[in-house]
Amino acid sequence: MKDIAVVILNRIQYDNIVSGLEELKKSGFSVDIYCSHWDEDSSGMNNMFDDITDYCEKNNFNVYRKVDPKIEYKVLLEPYPCLDISAKYKIKYRYSNISAKPNIVYKPENYIMYDAILCSGNYDSNYLSVFSKTYKTANLKYENFKKSEVRKSNKKQLLYLPTYGDESSIEQIINILEELKEHYYIVAKIHHGTNYLANEHNRINLLKDKVDELYDSNTPLTALLETTDVILTDNSGSIFEGIFTEIPVAVFCDDINKNKTGDFNTTQYELYKEGILPFTNNPNEIVNILKEALSESVIKKQREWNRTNFFHPEDFTTDFVNVIKMYLNEEFDKRYYQMHNVLKNSYYTYLHENQEELPKLKAQIAELQNALAIQKNINSNLESNVDDLNSQVDSLSRQVDYYNTGTLYKFAKKIYRLKNGD
């Protein structure tokens, strides 16, 4: 059994875990990195996988693109379920402080399978504990982070961090950027989805001539945050990167709570309600929310929320390394682990049983749909017959009416009456 397998699919994930992996290697543990490979891909994702594979190999990591089912690891680290790697213990690591899209991310099937979940602080470790054991660990990519006073302009530096897909704000904000450039030196960093997905490339072209500097996902976010004065983003996890580094943040999007799940609101919506996070869905108000974000009162509120909810230890890697070693050495709470396995096994048994029933249900639905189609055809024929009969009745009624009002009928009626003595 080998020590540690780590799934890394892009540069963002690499930056968020690499310092911890280096420490584990120094401690004598073997670390293998796994990256995906799609046999057929027109989306552009394979380009991202190729790039991060090359980058990891250049930094002296063993990288595998295919999973060998015969190889088993003591510990698997992955950002979400994606590769079927055999491991005794599975740990979910994070690559952003808090998810801005709970309806997509915070699903039982994304968490219950893990024996441990690495969290950013008190805030998320509390609610994610419903799925598994949670541990607070530092955001590793900020280990050497330090703000710089160096600027390329006399204007304040605005960092624009849009997400991708339907959540992206690029099209809505593009015409406002010229106005913003009057007030700010604008730096933009595109999401790794926008960076690699073929259907997102038009957005890169939109931004090129509208900002002062444009970076792709291979540029570390920390390098840009060092010289940033204020952040503008949408429904993106970068909201919480800004708050963590105490850089004022404002949000522009169509609906700040669109990604709620059930009664669980998005964190950005909760912060907006509390007056901590300036927000607008009107592009003409962006200048105003940026001013609000830079106000002393909002800066103070965001800093207070950061210090209360995010974990800021002096030594960034110690807690991360200790959690991984705990599972490698099997020094965790065995009773919790055993009870969690009861929950996990029950959950997946239930899913499996329902998946077995699914083909039967689909067959029953197909039979009902076929019967309904036959009945509709019968009903259609009956309706056609009724229409024909009604048409015949109408025709006969008209004939009778014509006969009753005709001269021949009136003459015959008189003869009938005379014959009967009337």
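Let's begin with D54, which lies in helix 3, a helix spanning residues 45–58. Please keep in mind that this is a predicted model. With a relative accessibility of 40%, D54 counts as partly exposed.

N60 counts as exposed, because its relative accessibility is 66%. Its backbone deserves a look too: phi of N60 is near 65°, a positive value although the residue is not glycine. Most residues other than glycine have a negative phi.

A second residue of this kind waits further along the chain. E330 sits in the loop between helix 15 (318–328) and helix 16 (334–405), and its phi, near 55°, is again positive in a residue other than glycine. At a relative accessible area of 24%, E330 is partly exposed.

Finally, let's turn to the cysteines. How many disulfides does the structure hold? The count is 0. Take C35 as an example: the closest cysteine sulfur belongs to C56 and is 7.3 Å from the sulfur of C35, so the two are too far apart for a bond. A disulfide would need the sulfur atoms within 2.5 Å. C35 counts as buried, with 1% relative accessibility. C253 counts as buried as well, at 5% relative accessibility.

Technical notes: Residues numbered from 1 in each chain as written. Predicted model: local features only at pLDDT ≥ 70, side-chain atom pairs only at ≥ 80, totals over all residues. Heavy atoms only, no water. Helix = DSSP H or I, 4+ residues; strand = E, 2+ residues; numbered from the N terminus. Buried < 20%, exposed > 50% of the residue type's maximum accessible area, 1.4 Å probe, protein only.
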